[in-house]
Amino acid sequence: MASLLRLSSALALVTGAGSGIGRAVSVRLAREGATVAACDLDGAAAHETVRLLGGPVIEAQAPRGNHAAFQADVSETTAARRLLEQVQACFSRPPSVVVSCAGITRDEFLLHMSEDNWDKVIAVNLKGIFLVTQAAAQALVSSGCHGSIINISSINGKVGNMGQTNYASSKAGVIGLTQSAARELGRHRIRCNSVLPGFIATPMTEKMPQKVKEKVTGLIPMGHFGDPEDVADVVAFLASEDSGYITGASVEVTGMRPAWGGRGQRSGTQII
Ligand SMILES: NC(=O)c1ccc[n+]([C@@H]2O[C@H](COP(=O)([O-])OP(=O)(O)OC[C@H]3O[C@@H](n4cnc5c(N)ncnc54)[C@H](O)[C@@H]3O)[C@@H](O)[C@H]2O)c1
């Protein structure tokens, strides 16, 4: 891993920071010098991430310069707004880097998809990103600060996936939301980009049956699942000024996405 210090003046808010990609992103941004506000629905997991960063474990009360943990459900309007207020109150400035990693799956084939599973996935994966992006952008614009907003989508938002009409729709929505936000916020020097991971080894993909994992792996040209750190590398680049003229982009981190067809596709569900 590169030992760069590209983010030494950044305050980074990471949602979904208690696990998988969000935790790896928190670790990477902190190593690059950022102060991290780690948020998760699971407050204890967010605290554990902050502990890994070497900071004090004080919810929403960290003195400037230290990392802090926050518990919030990003799909709830008041909670998302309160999160941004708390982060701003805690650090006396809005986050200049915002990475939305919070996400869930509720896989079912379209013919059986319950309205509840549709609504839950859209609420967390798409509305949650809308709420956090909007609140963060409002805070940045009103304080005249520039920033970098990075939303974690999925390659399945581009190519779809069996058993994931809800998830793929939410992730396609994230791409459109991020591109539109980039157009609106460019004049405020706020860049917005999305990252489209393929199959990454996290608790989310641990649920996949072993047989499906093996089939999927055989279809990935790089021959293996990615690590959360592979996604974190790209997020760190997009957070930094090394990507200063990149906005509205959707960056694929897939080891080159699997070429679906025939037997690989039949085993459908629990594929991110
Ligand atoms: N793992 C993959 O292969 C993969 C591939 C493509 C995209 N993604 C996306 O990357 C992101 C991170 O996924 P992961 O694999 O690290 O999953 P994960 O399950 O390990 O972590 C997701 C985290 O989000 C948190 N979370 C869930 N609902 C929340 C809410 N309402 N408010 C706040 N936090 C909430 C969870 O508590 C958890 O800590 C997700 O958006 C996921 O869709 C993952």
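Tutor: Two residues are in contact if their C-beta atoms, placed from the backbone, lie within 7 Å. Among contacts in this protein between residues at least 6 apart in sequence, 72% join residues at least 24 apart. The model is predicted: local features need pLDDT of at least 70 and side-chain atom pairs pLDDT 80 or more, while totals for chains, interfaces and linings use all residues. Residues are numbered from 1 along each chain as its sequence is written.

Student: How many helices and strands make up the secondary structure?

Tutor: There are 10 helices and seven strands, taken as DSSP runs (H or I, at least four residues; E, at least two) numbered from the N terminus.

Student: What makes serine 92 exposed or buried?

Tutor: Buried needs 20 or more other C-beta atoms within 10 Å of the residue's own, exposed 12 or fewer, and partly exposed lies in between. Serine 92 has 8 such atoms within 10 Å, so serine 92 is exposed. This residue sits in the loop between helix H3 (77-91) and strand S4 (97-100).

Student: How is arginine 189 classed by its C-beta neighbours, and why?

Tutor: Arginine 189 has 15 C-beta neighbours inside 10 Å, so arginine 189 counts as partly exposed. Its loop runs between helix H6 (165-185) and strand S6 (190-197). Arginine 189 also has a positive phi, near 60°. Its C-alpha atom is 9.2 Å from that of valine 141, a residue 48 places away along the chain.

Student: Why is H1 called mostly covered?

Tutor: Of the 12 residues in H1, 11 are buried. Among them are Gly20, Arg23, Val25, Arg28 and Ala30. For the protein as a whole, 48% of the 272 residues count as buried.

Student: What makes up the largest nonpolar core?

Tutor: A core is a set of buried Ala, Val, Leu, Ile, Met, Phe, Trp, Tyr and Cys residues joined through C-beta atoms within 7 Å. The largest has 73 residues, and Ala12 and Val235 have the most contacts inside it. H4 gives the most to this core, with 11 residues. Apart from neighbours within four places in sequence, valine 235 is in contact with Val25, Val99, Ile150 and Val195.

Student: Which residues are closest to the ligand?

Tutor: Gly16, Ser19, Gly20, Gly103 and Thr202 are the closest of the 30 residues around the ligand, where near means a C-beta atom, placed from the backbone, within 6 Å. Helices H1 (20-31), H4 (115-142) and H7 (203-206) each supply at least two residues of that shell.
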